[in-house]
Structures are given as C-alpha cells and as structure tokens.
Amino acid sequence: MRLPEALKAWGGEAFAATLKRELLAHADQLPLHEAMAHGSHVADTAPDLTIQTVEDTGDALRIRAGIFFASIIAGCSCADDPTPVDEIREYCEVDIRLDKGTGEASVRLTDDY
C-alpha cells in the first residue's frame, strides 16, 4: 500500500489525521482477518484506527496503531437460519513501516494486544 499524503504531512499537525484517513482508505489491505479472535468474517462496518506511536528511523517511519473493527459469525444463510447476524467488536495492533523515500507502507500484526 502507498501512503503518499501521510508522508507529505509528516512533521505537521495534520500528519495523524492524514495517516488515519489514508490507512482507512486501504482498510481492505489491513490484516483484520488474521486478527479476528471471535468472529468468522470481518464485518462491512468501517474500522476505527488510533495512532499510538510514531518513530522516525531516518529512512522510514515506524508507526504503532490500534484498530477497532467488527466481525460476525456467519450462519448458513438459509431462509430459516435462526442465527442473528450480530457484530462482535474486535481489536488488534499493527506495526507499520512507511518508507520515506517511496511512500510504500508495510503492515504487520503485533503480538502485544
């Protein structure tokens, strides 16, 4: 995923908001399926993201973010399926490495949540 607007905003007051907006625009590339602890499918509800830390390593920004998202336990989708489709709140933390030269970002789940 590329985050060019966040990279341009680095060092300014708009950085966190720009980073959050760009990351959420790429929500389909976040490792939410791997982070699920309770559901069987990630819900269509938009996730919410919190920037926790940002560290400048010279050639990259190392970012820790928390992501609140929803999952569901899918039933059989039969007409008489009594299983309600309730969303389950989930949480995970990710480490993001944003290359300052290219704007390319890599995202991986942390083991800390």
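Lys 8 and Glu 5 both belong to helix α1 (residues 4-9), where three residues, about one turn of the helix, separate them. Helices (H or I, at least four residues) and strands (E, at least two) are DSSP runs, numbered from the N terminus. An α-helix has 3.6 residues a turn, so residues three or four places apart point the same way. The two side chains form a salt bridge, with the closest N and O atoms 3.6 Å apart; the term denotes a side-chain nitrogen of Lys or Arg within 4 Å of a carboxyl oxygen of Asp or Glu. Lys 8 is exposed, with a relative accessible area of 66%, whereas Glu 5 is partly exposed at 36%. These classes are defined with a 1.4 Å probe and protein chains only: buried means under 20% relative accessible area, exposed over 50%, and partly exposed in between.

The structure is a predicted model, in which local features need pLDDT of at least 70 and side-chain atom pairs count only at pLDDT 80 or more, while totals for chains, interfaces and linings use all residues. Residues are numbered from 1 along each chain as its sequence is written, and side-chain values use heavy atoms, with hydrogens and water left out.

The chain comprises three helices and five strands, arranged from the N terminus in the order α-α-α-β-β-β-β-β. Of its 113 residues, 35% are buried. Contacts (heavy atoms within 4.5 Å) were also classified by sequence separation: among those between residues at least 6 apart in sequence, 54% join residues at least 24 apart. The chain exposes about 6,600 Å², of which carbon and sulfur atoms supply 50%; accessible areas come from the Shrake-Rupley method with a 1.4 Å probe, and for residues only the protein chains shown count as cover.

Nine salt bridges are present in the structure. One of them joins Lys 20 and Asp 48, with the closest N and O atoms 3.2 Å apart. This pair links distant parts of the chain, since Lys 20 lies in helix α2 (residues 15-25) and Asp 48 in strand β2 (residues 48-56), 28 residues apart. Both partners are partly exposed, Lys 20 at 29% relative accessibility and Asp 48 at 37%. A further salt bridge is formed by Arg 97 and Asp 99, whose closest N and O atoms are 3.7 Å apart; Arg 97 is partly exposed at 35%. Salt bridges with shared partners also join Arg 64, Glu 93, Asp 95 and Arg 108 into one network.

Two strands are taken to pair if DSSP finds at least two bridges between them. Strand β3 (residues 60-72) pairs with strand β4 (residues 87-99) in the antiparallel sense over 13 bridges, and Phe 69 stands opposite Glu 90 in β4. Strand β4 also pairs with strand β5 (residues 105-109), in the antiparallel sense over five bridges. Here Arg 97 stands opposite Ser 106 in β5. The hairpin of β4 and β5 has five residues between the strands, and Gly 103 takes a positive phi near 80°.

In helix α2, the buried residues are Phe 15, Thr 18, Leu 19, Glu 22 and Leu 23. They lie on the same side of α2 because they cover an arc of only 130° around the axis, the arc being that of the directions from the helix axis to the C-beta atoms. The buried residues of α2 pack against α1, β2, β3 and β4. On the other side of the helix, Ala 17, Arg 21 and Ala 25 are exposed.
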